[in-house]
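My notes follow in the order I worked.

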Amino acid sequence: ETPQPTPVPMGGEVELDMRTHDGDTVTAVAGTITDGYTTYLNGLDHRLTVRGTDCVLVWKTFNVEYGSACRYDWVAIAVDDDVVEPGYLCGSSLPEPIEVQGDSFTVAFHTDSSSTRTGFELEFVCKGPAPTTPTPPPTTAVPALPPTPVQTTASSSGGTSASAARTTSITSTSSTRSSSGISGTSTTSSTSGTSTASAASTVGTPTSFTPSTPPPTPVPTTAEPTTQVGTDVELTMREHGDGRVVAATSGTIDDGYSYRYAAQMDTSLTVRG
């Protein structure tokens, strides 16, 4: 559906011309409409919509190039994209007044590529302004429930498992720990960069969780082997992912899929340089 232009409130008796208000939608109950030219130009296609209820249109002046079936220049009054009687208007005789039923009418003015005249002027009077569609009250967003705190348990290998998400860290090679007081999320990355454990709590309230038994001391793991590549390398996550470590001083990295990457991938690639 084509979006309609925003009505321009005018009020009282207004003076409108097709040249200035081309394409506008104006809310008014009375006024005049002209073509906007002393002598109109060739190649015009102007539209002006007036929002008013049950209007009467009376032509004050009218001089538009005549042609059989008004095929050259014409003026027409339309309601909901349908031209009302008597149809397309042209020539130099004043047309009969037009009564428009409904909440709006559109004046359309068209000229061809040759011959011009002095144009037209019409007056309109409506019973009242068109009713406006009430604006619905703003919707208050319902806040989402905070995530349930996640308890992590220690595995026999010294890493974290159970409900903790297992991902690959590529941010550091030394053991770091950071916590946020807003979400209560903690992140731990080891030298090998093999796992990340996060415990989420109620928003705005940090949660402290003490396991029933202290976790065992993490056992150092062997770092991933480093692949010696060199300079100006071309790497892809598809081929060199899965936690590989590549030694290089320059190059490019892309996902490795020519059209669309696969669903549910979780891979990492570390460059040493």
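Predicted model: local features only at pLDDT ≥ 70, side-chain atom pairs only at ≥ 80, totals over all residues.

**Entry 1: salt bridges**

How many salt bridges does the structure hold? I found one. Asp 45 pairs with Arg 47. Their closest N and O atoms are 4.0 Å apart. I then checked how open the two partners are. Asp 45 has 47% relative accessibility, so I list Asp 45 as partly exposed. Arg 47 has a relative accessible area of 35% and is also partly exposed.

**Entry 2: the chain as a whole**

The chain has 19 strands and one helix. It runs to 273 residues, and 31% of them count as buried. I looked at contacts between residues at least 6 apart in sequence; 61% of these join residues at least 24 apart.

**Entry 3: Asp 73**

Where is Asp 73 found? I placed Asp 73 in the loop between strand S5 (45-63) and strand S6 (74-79). Asp 73 is buried, yet I found no salt bridge for it. The nearest side chain of opposite charge belongs to Arg 117, 6.3 Å away.

What does the side chain of Asp 73 reach instead? I noted a polar contact with the side chain of Tyr 40, at 2.8 Å. The Asp 73 side chain also reaches the backbone nitrogen of Asp 112, at 2.8 Å. I listed the residues that Asp 73 touches, leaving out those up to four places away in sequence. Among them are Val 64, Glu 65, Leu 89, His 110, Thr 111 and Ser 115.

**Entry 4: disulfides**

I searched the whole structure and got two disulfides. Counting bonded cysteines along the chain, I read the pattern as 1-4, 2-3.

I took Cys 55 and Cys 126 to begin with. Their sulfur atoms are 2.0 Å apart. Is this disulfide right-handed or left-handed? The torsion about the S-S bond is about 100°, so I recorded the disulfide as right-handed. Cys 55 lies in strand S5 and Cys 126 in strand S10 (residues 119-129), so the pair ties together parts 71 residues apart in sequence. Both Cys 55 and Cys 126 are buried.

I then turned to Cys 70 and Cys 90. Here the sulfur atoms are 2.1 Å apart. The S-S torsion is about -80°, so this disulfide is left-handed. Cys 70 sits in the loop between S5 and S6, and Cys 90 in the loop between strand S7 (82-83) and strand S8 (98-100), so the pair ties together parts 20 residues apart in sequence. I checked burial here too. Cys 70 has 11% relative accessibility and counts as buried. Cys 90, at 14%, also counts as buried.

Key:
Residues numbered from 1 in each chain as written. Heavy atoms only, no water. Helix = DSSP H or I, 4+ residues; strand = E, 2+ residues; numbered from the N terminus. Buried < 20%, exposed > 50% of the residue type's maximum accessible area, 1.4 Å probe, protein only. Lys, Arg positive; Asp, Glu negative; His and termini not counted. Polar contact = N/O pair within 3.5 Å; in protein donor to acceptor, adjacent residues only side chain to side chain. Contact = heavy atoms within 4.5 Å. Disulfide = S-S within 2.5 Å.
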